[in-house]
Amino acid sequence: MGKVIVTAQMSADASIGPSIGWYEPGGGHEAAGEDEVRLADAMLLGRKTYAALAPLWSATTGAFADRVNSIPKYVVSTSLTGPLDWNATLVKGDLVEEVRRLKAHHDGNLLTYGCGEFAYNMVGHGLVDEIRFWVHPVVWSEKARPFHGLGRIRMRLKDATVFGNGVVLHTYEPLPVDA
């Protein structure tokens, strides 16, 4: 059975976008992030994240872009209609049933980028196995934050990895809503 992993790059003050001018390329964290994608069976995306990533990656070339572009993507949306581009399949229906079906179908990880309403709802329904925050050593002061304004999520730290350039990967296990 696959695991659902929510993963997000952010600045030290938890800015996640829309501008990621704070992102520093290079360093061991990039290889670890690429491994995260290489080890995944698929991506599980909400509408907004799909809309942001599809045109960016579709126009990118190279070995890693080939992996990103070829991996299956499942897009959960109540407003999109198919067919979708970027090797994506539209997922309609009950969120809990559909994500459980996808987890049962895949042996590897299902990566979720973005920490908005879709990811928050998956956490609330106990569908997320890990939350990974890649924290970069810069303060950027943008308004967009993970799960911003959606409610509280309690987590237990599973691991922390410090990379040579100061990026820290925090890996958490989300706790049940009533914990």
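Mentor: Start with β1 (residues 4-11), which pairs with β5 (residues 109-113) in the parallel sense over four bridges; two strands pair if DSSP finds at least two bridges between them. Along that pairing, threonine 7 stands opposite tyrosine 113 in β5. Strands here are DSSP runs of E, at least two residues, and helices are H or I runs of at least four, numbered from the N terminus. Bear in mind that this is a predicted model: local features need pLDDT of at least 70, side-chain atom pairs count only at pLDDT 80 or more, and totals for chains, interfaces and linings use all residues. Residues are numbered from 1 along each chain as its sequence is written, and side-chain values use heavy atoms, leaving out hydrogens and water.

Now zoom out: the open sheet has eight strands in the order β4-β3-β2-β5-β1-β6-β8-β7, with mixed pairing. β4 (88-91) and β7 (155-162) are at the edges with a single partner strand each, so one side of each has no neighbour in the sheet.

Helix α5 (residues 117-124) lies across β1, β2, β3, β5, β6 and β8, at about 110° to β2. Axes are lines fitted to C-alpha atoms, for helices over the stretch in contact (heavy atoms within 4.5 Å), and angles run from 0 to 180 degrees between N-to-C directions.

As for packing, the largest nonpolar core has 27 residues, and Leu44, Met122, Ile131, Phe133 and Phe147 have the most contacts inside it. Such a core is a set of buried (under 20% relative accessible area, 1.4 Å probe, protein chains only) Ala, Val, Leu, Ile, Met, Phe, Trp, Tyr and Cys residues joined through side-chain atoms within 4.5 Å.

Notes. Buried means under 20% relative accessible area, exposed over 50%, partly exposed in between (1.4 Å probe, protein chains only).
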